[in-house]
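Hello,

Here is the structure I promised to pass on. Please open it alongside this note, and then read on for what turned up.

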Amino acid sequence: MSSGPYEQKGYFPIENPTGESSNFGLIQRLQALAHASLAISSELDLTTVLQRIADTAREFANAQYAALGIVNEQGIITSFITSGISPQDREQIGQPPRGHGLLGVLIKQGKAIRVRDIATDPRRSGFPPNHPVMTSLLGVPVSINDKIVGDLYMTDKRDANEFTPEDEWWLTLFARQAAVAMINARLYNKVERAHKRAEMLAEMADVLNRTIDPEELFGQITQAACLLLELPAAALYVFEEKHNRFSLKAQVGLNPETCIHTFQASENSPAAKLLKANETISLHEKADLEHIQPFLDGVKPSAMLIAPIRQYSKINGVLEVYSATARRFTLEDKMLLETFATKAGLALEKAQLYREKERFLSMTAHDLRAPLAAIKMSAGLLETSLPPDLSPALLRLVANIRRNSERLNNLLSDLLDATRLEQGSIRLRVEPLEVVEAVAATAHTLTPLFDERSQKFSLEKPYQEYWVMADRRRLEQVMVNLLTNAIKYTSNGGKVTVGILVEEKWITIEVKDSGNGIPEEEMLHIFDRFYRRPIHEQNDTTSGTGLGLSIARSLVELHGGTIWVESEVGVGTSFFVKLPRYIRE
Ligand code: ADP
């Protein structure tokens, strides 16, 4: 028997079966092995790799069936891939083997086995009821660095009664290659998963950041937590320090009837444990999960992860995710939930600040309104009743007071409108309105502004009357916002045109200017509240609050319409307001 370099190094665990000294058969087998190894290592998707291992091994050993079991740290078969068996037959067999009997020899002792007839082997533990009858068997452990990660076996050699030592030698070598391919695919899967999770985390944090309603946020956070960790249920409890208790804010996947709404932080709950530990914890013992509410189907969770939600560095709540299957969460799972909970805490902080700001703004606007109205009225009266021989400097001062008190008044109205629109407390008083007349009347009030900037205004009137159902004051407010913007953002001597477009069910008003246009990246934001073009890019004379377009959009939408913009830098901008048409009987 030859003693090549591989044998000396102990690569061949069993005898070279061919017994030939210069052997052609061995070369052929090695070639086949190289092909097979290539075939399994050219894939990175774990499921495909596993299936390919089972198929390739069966093909080369010329067996009827083959199976590859994946074994976890505890030596339990966690997944089981078969080859040569129809999906229906596979379904009939049911659960994967437990790894007793002959498979146990492979997994626990790490030894290859070759058996002529399974039925007569004393180590067998029997087949489940719907298992096809199997006779000859060849199995090898799949191991890497002496650690068993699976078992690979085939049954029923096609052209002979039993598998040969040569088959065993070949399969042993192949199993080593298979182990490497499996580990590679596993690592790749892990990296890919981590990448996907990071992407998802960023996307979800972005969604949370755009939400300003805390109640809506609670729901979004629990849903996102389920998606991120691929789990069926989650719950968010806030910690009310004053009462030392947790209360439920949102949940998904749990039975609402049996859901615990509040509980004392002193009880032996996971949330209380987290308060003590001050970090993310995972629970999988039955005793720890005793008081956890069941899923929708009444089954209790078998494991959970719970992360702190911190606001202003203090634990203000907990985010819990539940698993239906018994499992130990990995460090990556823990870190993922913890990072997400941190982002959730920041989003909640932001939403609360936003709410406070809203409250403050509307209170301030209310309180300023009355004194400001008095100043405005007094300035108006003063201006009209001044003696004509007063010095021009004094006249200018009084006019200044009146103009600026009017500006302040408009600003306050905008602030109040924006808050009311946000709260949904603006009610429209709709009536049939003739569009051209309404637009012309509004434009007319702005004539002094057009004149001041030597801009040409024109209204392209249709030949007949067209009607919409609208609140006159509010529609005028929309038109004033669009027209004053057109004036503001168009240079002196420019052109502003209003056109009316009529369709069967819609009337569209177009406000077009020959201004500088809106850069592409700005288009996404101009309808946001308080958005203004950065001050250094604005013309010095353009004053504003960044509220006009957001108010216009809310008002148009309240009317059941839509508003949008088209613009070309250096050419001009068109705003379109599309409203449902009203046909008069
Ligand atoms: P404001 O005019 O008070 O800044 P708006 O909400 O009315 O607030 O408008 C938001 C932003 O949209 C403006 O700051 C400006 O950058 C841009 N914008 C609005 N209308 C026009 C227009 N007709 N031409 C160019 N830019 C415009």
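Start with a six-stranded sheet. It is open, with the strand order β8-β7-β6-β11-β10-β9 and antiparallel pairing. β8 (262-264) and β9 (281-283) are the edge strands; each has a single partner, so one side of each has no neighbour in the sheet. From one strand to the next, the twist averages 25°. Please keep in mind that this is a predicted model.

Ser-282 sits opposite Leu-305 of β10.

Two helices lie across this sheet. Helix α9 (residues 331-384) lies across β9, β10 and β11, and runs at about 35° to β10.

Next, the five-stranded sheet. This one is also open and antiparallel, in the order β2-β1-β5-β4-β3. Its edges are β2 (77-83) and β3 (113-115), which pair on one side only. Here the twist averages 15° from strand to strand.

Within that sheet, β4 (residues 137-144) and β5 (residues 147-157) pair antiparallel over eight bridges. Leu-138 has Met-154 in β5 as its bridge partner. Helix α3 (residues 46-61) packs on the sheet and touches β1 (63-71), β2 and β5. The direction of α3 makes about 145° with that of β1. Helix α5 (residues 101-109) lies across β1, β2, β3, β4 and β5, at about 140° to β5.

Now the ligand. Which residues come closest? Of the 21 residues around the ligand, the closest are Asn-485, Asp-513, Glu-522, Arg-532 and Thr-545. By class, the shell has eight nonpolar, eight polar and five charged residues.

- Arg-532: a polar side-chain atom lies 2.5 Å from a ligand oxygen.
- Asn-485: a polar side-chain atom lies 2.8 Å from a ligand oxygen.
- Gly-546: a polar backbone atom is 2.9 Å from a ligand oxygen.

How much of the ligand does the protein bury? Taken alone, the ligand exposes 530 Å², and the protein buries 98% of that.

As for where the shell comes from, α13 (472-488), α15 (548-558) and β18 (572-582) each supply at least two residues. The largest share, three residues, comes from α13.

Best wishes

Methods:
Residues are numbered from 1 along each chain as its sequence is written. This is a predicted model: local features need pLDDT of at least 70, side-chain atom pairs count only at pLDDT 80 or more; totals for chains, interfaces and linings use all residues. Side-chain values use heavy atoms; hydrogens and water are left out. A residue is near a molecule or strand if one of its heavy atoms lies within 4 Å of it. A polar contact is a pair of N or O atoms within 3.5 Å; within protein, one must be able to donate a hydrogen and the other to accept it, and residues adjacent in sequence count only if both atoms are side-chain atoms. Accessible areas come from the Shrake-Rupley method with a 1.4 Å probe; for residues, only the protein chains shown count as cover. Helices (H or I, at least four residues) and strands (E, at least two) are DSSP runs, numbered from the N terminus. Ala, Val, Leu, Ile, Met, Phe, Trp, Tyr, Cys and Pro count as nonpolar, Asp, Glu, Lys and Arg as charged, and the others, Gly among them, as polar. Two strands pair if DSSP finds at least two bridges between them. Axes are lines fitted to C-alpha atoms, for helices over the stretch in contact, and angles run from 0 to 180 degrees between N-to-C directions. Contact means heavy atoms within 4.5 Å.
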